[in-house]
Amino acid sequence: MPVARISLSPAAPALPRGPRCPEVRLLPGDHGRALGAAGAAGAAAALPDPRLVRAAHPQVALALPALPGKGRAGPAQLSQPRHGPKRFRGSCAPGKLQLQGQILWEGLANSFRKCQGFFEIEISSCSPLVAPHHSGVYPVHVQLYDAWKKVWNIRVTSTEEYPHLKPARYRRGFIHKNIMVLPRQTCGLFTHTIFYKEYPGGPKELDKSIQGGELFFTVVLNPISIFMTHLSNYGNDRLGLYTFVNLANFVHTWTNLKLQTLPPVQLAHKYFELFPEQKDPLWQNPCDDKRHKDIWSKEKTCDRLPKFLVVGPQKTGTTALYLFLIMHPSIISNSPSPKTFEEVQFFNRNNYHRGIDWYMDFFPTPSNVTTDFLFEKSANYFHSEEAPKRAASLIPKAKIITILIDPSDRAYSWYQHQRSHEDPAALKFSFYQVITAGPRAPSELRALQKRCLAPGWYATHIERWLAYFPPYQLLIIDGQQLRTDPSTVMDEVQKFLGVSPHYNYSEALTFDSHKGFWCQLLEEGKTKCLGKSKGRKYPPMDSECRAFLSSYYRDHNVELSKLLHKLGQPLPSWLRQELQKVR
């Protein structure tokens, strides 16, 4: 079947052969014949019946899917199948092409020298690639992604800004809101580089980049290269064509590489087949990169990111610490989440894929950026494999606070917590069955065992955090001391954070003998304590479970003591007691 390429003007560049998006089939009309243009010169050529026309100009590709209007009536409207290609009726005359009464291309005599009668056009729907300006792709502008997805069903785009513009060899791809974002390379052509003799540094610089220089190595060292050039590079001296034709010829002549091209969606799938580890994004702080800050919306501010995190682990006293912290006049927490209460749980769960705009919406804009300290407490960050890396990428200067208690007590407390929330496995199995379950145990039992035991591998988890944060940004609190002497601990916390003014917790806290823990002292002797779910009464752990867990955590506790010694931090009283059993 002969193929004709539509060229909208003699200067329009020919695209590489291959599948187009959308695929356009020009079908025979009922009342005449259509003559199309063949070649850049626009010479008249008859299209045999049936005919296949592939749009070889980006304007055609973008215009055609948007042609049919919603609810349009009239004789030109054809009944459309629910699935598959759509058909529309149009007509053409010399220099003018109409589709459903709308003039598409007018005055393009070079493209349609001879055209008469009626025809039908069939459009196979698919998702185009959009290559926008730098703004909005990265740093991410959520509204732009939402519009791409909902209005145009965009599935692929690209950016040269992720994670940063330079060095180019470190650019990566990511997927956000099911839109695949590919890394884009620069080719040295910009809006103002339109004449060969006026190329910055002279024509020899451009040729040197092509012939074994920067542009050549960009192609050689990247399995997939994506470039975006400006329209002005295809007019004037046509440096876009000059550059890439000569680059392809040079690579073909001097290497054994075989250059190939794929349609955008297929190309994106191929990229993430090669680099599956790049699918999940790693958000950076836009204010740490001047270029990113300039691209970012002027209405956004990094001041709404937290200055410190309370990372857990769970059942060690993090909620009590949270209550004590927000008593300080300069310390401000995030607003509560409807699902996870005071915890945002951004860095360790799928909430991370909602983006940093979603995260910052939980925090107010501080009235004084210098003295106000925003913070977040999410107790399951501690043992998360993703949280340290993600947190360090977005808030690298943030301080990290963790609380440690005897891991045996923590495991038992978590088990009782799950029983109170009517976890089926916790209700079905005893604590001893949970902690001693083997690899062949039921999956729900092994899942509960992991949640009981794994967070107590303290040294392993702290080392993971220290891989991304320096030791001076980490504070380890003795959970037992927090429970018995919170004023002293909070003095240490204030000093660690550098927050002012100094808050006197010894006058603001009082011990509630009925509840068994410290509460905030209000006016007229009233108190504000933790909720009913805190300080819950349950039977003490039996000696058999205690002995098993003491043995289970022995090596972990030894490693923790070595780590604390290395960090110059004192050993908690519970750890000293456990180490005495080792001797």
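In the predicted model, Lys315 lies in the loop that links S14 to H8. The phi angle of Lys315 is near 65°, a positive value in a residue other than glycine.

Pro167 belongs to the loop between strand S11 (156-159) and strand S12 (174-176). A positive phi, near 50°, occurs at Asn236, a residue other than glycine. Asn236 is located in the loop between helix H4 (214-221) and helix H5 (239-254) and, at 46% relative accessibility, counts as partly exposed. Most residues other than glycine have a negative phi, and most peptide bonds are trans.

Strand S14 is part of an open sheet of five strands, arranged in the order S15-S16-S14-S17-S18 with parallel pairing. Strand S15 (331-333) and strand S18 (474-478) each have a single partner strand and stand at the edges, so one side of each lacks a neighbour in the sheet. On average, neighbouring strands of this sheet are turned by 25° against each other, direction ignored. Strand S17 (residues 399-404) runs parallel to S18 and is joined to S18 by five bridges. Within this part of the sheet, Ile401 stands opposite Leu475 of S18.

How values were computed: Residues are numbered from 1 along each chain as its sequence is written. This is a predicted model: local features need pLDDT of at least 70, side-chain atom pairs count only at pLDDT 80 or more; totals for chains, interfaces and linings use all residues. Side-chain values use heavy atoms; hydrogens and water are left out. Two strands pair if DSSP finds at least two bridges between them. Helices (H or I, at least four residues) and strands (E, at least two) are DSSP runs, numbered from the N terminus. Axes are lines fitted to C-alpha atoms, for helices over the stretch in contact, and angles run from 0 to 180 degrees between N-to-C directions. Buried means under 20% relative accessible area, exposed over 50%, partly exposed in between (1.4 Å probe, protein chains only).
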